[in-house]
Amino acid sequence: MTQVSMTVNGKAVSAPAEGRSLLSTYLREALQLTGTHVGCDTGQCGACTVHVNGKMVKSCNMFATEADGAEITTVEGMANGDGSLGVIQQAFQDHHGLQCGFCTPGMVMAAAALLKDNPKPSEAEVRAHLSGNLCRCTGYHNIVKSIMAASGQDVAAVAAE
Amino acid sequence: MYEFDIKAPSKLGKVVRKLKKDEDAVVLGGGQTLIPTLKQRLAAPSQLISLAKIDKLKGISSDNGVVTIGASTVHADVAADGAIPALSALAGGIGDPSVRNRGTIGGSLANNDPSACYPAGALGLGATIVTTDRKIAADDYFRGLFETALEGAEIITAIEFPVPDKAAYVKFDQPASRFALVGVFVSRTGSDVRVAVTGASESGVFRWAEAEAALAANFAPEALEGMTPSGDMIGDIHGSPEYRAHLVGVMARRAVAAC
């Protein structure tokens, strides 16, 4: 075990980890931040998506020790300071962007990464950006709608056909 | 996963020394293939030697018609670069955004997955693979499925890509994995034409010599009309060998049209 330290949602944290400990395991088990979900554990579903130094990554496809010294943002860091829902989270609620909710943490983190680089994405850009995030309720239309709404765009025409 | 330690030296020489001392040690690049492999217990390394702290392996530079990409450069950075637009487009189509933020060009080429995109780019542009020991022409580097010319403790440090006059990469995605079911990279530099095919052959990435000859005579999609490659094509649940051979022709014609 080695001591692994990083900044998670603005807070300095430190906990021991084995070489083979994944970042997702570290977040969920050592830090008890269970908002980051582990869906497939094969790097395909994206439910475990977090930001590492501002870039979205699958936390089940990275070792905890590789994040030593990094700035991590998880879905727990997406709410406003007063605990109310952040813009993206609120948009998911308003537009029924979740059904069972299991993929939602990953979808919200993917959306945040997209909107940081591309504040007004087209519907096609949103769909392409979500290529590594699976929703097994197949609720994609409303997820896309939520992300478009979070970017301040009119969503009446999204997935209208 | 089996148990192992991860070391992250800051000097390349130290990585090589560790590999020479321990033949069960494995190099960790971005981990986007290695970590899923370890999870399935398909590999049991004694230790992982990470390249993450070796800064000189990262970055892209252009000089005198050659673009040099450090082995640890992630796909997202190559996608954003644009010095060779076809190569950037290829990098921007690998996997998904999260994979592109971690996966590295050196890792992809060292792994040489028969359905990976980068091997087609390296072979299709006539790249040079620079390692800790030597320089290897792409034509001599790829040796079949997951096989390369790399020796035990040899590590890719950079890849040198000559800038082509024209190039394009077109792939038919396997929609679940987003690997290439078939991908074709076409480039033209002066009278030299290269056509590299990934995802199709039982022997891994290959140059399609008949297509190159046809395009050298007439660089147009019609020059490849009705042509399919010979040799053993991959057959699996995603497509039969005949289907893949057909796709190679279609993707090649589309790539030429996109040049």
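**Rings and charges in a two-chain contact**

1. Let's start with a charge and a ring in chain B. Arg188(B) places its charged end over the ring of Phe219(B), at 4.7 Å from the ring's centre. Keep in mind as you look around that this is a predicted model.

2. Chain B has another arrangement of this kind. Here Arg41(B) lies over the face of Tyr2(B), and the distance to the ring centre is 4.2 Å.

3. Now for rings that pair with rings. Over all chains, the structure holds 3 aromatic pairs. One of them brings together Phe63(A) and Phe4(B): the ring centres are 5.6 Å apart and the planes stand at 80°, so this pair is edge-to-face. Have a look at where the two sit. Phe63(A) is in the loop between β4 (55-58) and β5 (71-73) of chain A, while Phe4(B) is in the segment before β1 (5-7) of chain B, so the pair joins two chains. Both Phe63(A) and Phe4(B) are buried.

4. Tyr141(B) and Phe142(B) are both buried.

5. On to the charged side chains. There are 14 salt bridges over all chains. In one of them, Asp41(A) meets Lys39(B), with 3.1 Å from N to O. Asp41(A) belongs to the loop between α1 (23-30) and β3 (49-52) of chain A and Lys39(B) to helix α2 (residues 34-39) of chain B, so this pair joins two chains. Asp41(A) counts as partly exposed, at 33% relative accessibility, whereas Lys39(B) counts as buried, at 17%.

6. Here is a salt bridge within a helix. Arg127(A) and Glu123(A) have their closest N and O atoms 3.1 Å apart. Why are they separated by about one helical turn? Because they are 4 residues apart in helix α4 (residues 123-129) of chain A. Arg127(A) is partly exposed at 31% relative accessibility, and Glu123(A) is partly exposed too, with a relative accessible area of 25%.

7. Last, go back to chain B for the salt bridge between Arg194(B) and Asp139(B), where the closest N and O atoms are 2.8 Å apart. Arg194(B) is in strand β11 (residues 192-198) and Asp139(B) in helix α8 (residues 138-141), so the pair ties together parts that are 55 residues apart in sequence. Arg194(B) is buried, with a relative accessible area of 11%, but Asp139(B) counts as partly exposed at 40% relative accessibility. Which residues are joined into one network by salt bridges that share partners? They are Asp139(B), Arg194(B), Arg207(B) and Glu212(B).

Key
Residues numbered from 1 in each chain as written. Chains lettered and ligands numbered in written order. Predicted model: local features only at pLDDT ≥ 70, side-chain atom pairs only at ≥ 80, totals over all residues. Heavy atoms only, no water. Phe/Tyr/Trp six-rings, centres within 6.5 Å; stacked < 30°, edge-to-face > 60°. Buried < 20%, exposed > 50% of the residue type's maximum accessible area, 1.4 Å probe, protein only. Lys NZ or Arg CZ within 6 Å of the ring centre and 35° of its normal. Salt bridge = Lys/Arg side-chain N within 4 Å of Asp/Glu carboxyl O.
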